Structure formats: structure tokens, C-alpha cells
Amino acid sequence: MKCEICGREASSQFCDLHKTAYENMVEKFEVWKKALKITWTGYLDEILRNPDAGIWVKEVAKQLVSQGLASRE
């Protein structure tokens with residue numbers, strides 16, 4: 001199986017690098033949600049606009065939005 005983003009070998013949807021980025025996003029979302037009352041879609045938008053967000057996280061956010069998987073509320 002290949003990573004949907006970069007084509008590296010993967011055991012699931014994402015390679016280890018993108019999977020770690022996704023897991024970190026999910027974990028940090030809970031903090032953002034409590035602090036800002038933000039939705040998952042709003043959170044992904046914030047990641048994509050944030051110049052300090054890492055490339056792996058931005059690639060995952062972009063992939064989730066493009067696949068219509070942005071709704072997680």
C-alpha cells in the first residue's frame with residue numbers, strides 16, 4: 001500500500017510520517033476545540049493558513065479537505 005500523499009510505503013492511508021502528523025493534529029485539535037470553540041473544518045483551515053505549521057501537517061490537512069474528510073465535529 002502507498003501513502004495517499006507522498007507515495008511512500010504505508011500500512012494504512014498514510015506513511016509513518018504523515019500518520020504521525022495526522023495523530024498530532026487530532027491530539028492538538030482537542031486543545032484548540034476547548035480554547036476556541038473551533039470545528040474540525042475550521043481547525044484544518046487554520047492549519048493551512050498558519051505559516052508556522054509544518055509541511056507534513058499541511059499536506060495531511062490539504063488531503064483531508066480535498067477528500068471531503070474535513071467533517072469530524
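**Helix packing and the pocket**

Modeller: The axes of α1 and α3 cross at roughly 80° and come within 9 Å. This is a predicted model.

Biologist: How are α1 and α3 oriented to each other, then?

Modeller: Roughly perpendicular, since angles from 65 to 115 degrees count as that.

Biologist: Which residues in α1 and α3 meet?

Modeller: From α1, Leu-17, His-18, Ala-21, Tyr-22 and Met-25. They meet Trp-56, Val-57, Glu-59, Val-60, Ala-61 and Leu-64 in α3. By class, the contact of α1 with α3 has 9 nonpolar residues, 1 polar and 1 charged.

Biologist: OK, α1 and α2. What angle do they pack at?

Modeller: About 115°, and the axes of α1 and α2 are 11 Å apart. That makes α1 roughly perpendicular to α2.

Biologist: Left-handed or right-handed crossing, α1 past α2?

Modeller: Right-handed.

Biologist: And which side chains are we talking about there?

Modeller: I can give you residues in contact. In α1, Tyr-22, Met-25, Val-26, Lys-28, Phe-29 and Trp-32 meet α2. The α2 residues are Trp-40, Tyr-43, Leu-44, Glu-46 and Ile-47. The contact of α1 with α2 divides into 9 nonpolar and 2 charged residues, with no polar ones.

Biologist: That leaves α2 and α3. How do their axes cross?

Modeller: At roughly 135°, coming within 9 Å. α2 and α3 are therefore oblique to each other. α2 passes α3 in a left-handed crossing.

Biologist: Which residues in α2 meet α3?

Modeller: Trp-40, Leu-44, Ile-47 and Leu-48. Their partners in α3 are Val-57, Lys-58, Ala-61, Lys-62, Leu-64 and Val-65. In the contact of α2 with α3, 8 residues are nonpolar, 2 are charged and none is polar.

Biologist: How does the lining of the largest pocket divide into nonpolar, polar and charged?

Modeller: 9 nonpolar, 3 polar and 2 charged.

Biologist: Back to Met-25 for a moment. Where else did Met-25 come up?

Modeller: Met-25 is one of the α1 residues that meet α2, and Met-25 is also among those that meet α3.

Key: Residues numbered from 1 in each chain as written. Predicted model: local features only at pLDDT ≥ 70, side-chain atom pairs only at ≥ 80, totals over all residues. Heavy atoms only, no water. Nonpolar A, V, L, I, M, F, W, Y, C, P; charged D, E, K, R; others polar. Axes fitted to C-alpha atoms, helices over the stretch in contact; angles between N-to-C directions. Helix = DSSP H or I, 4+ residues; strand = E, 2+ residues; numbered from the N terminus. Parallel < 35°, antiparallel > 145°, perpendicular 65-115°, else oblique. Left-handed = near helix turned anticlockwise from the far one by under 90°. Contact = heavy atoms within 4.5 Å.
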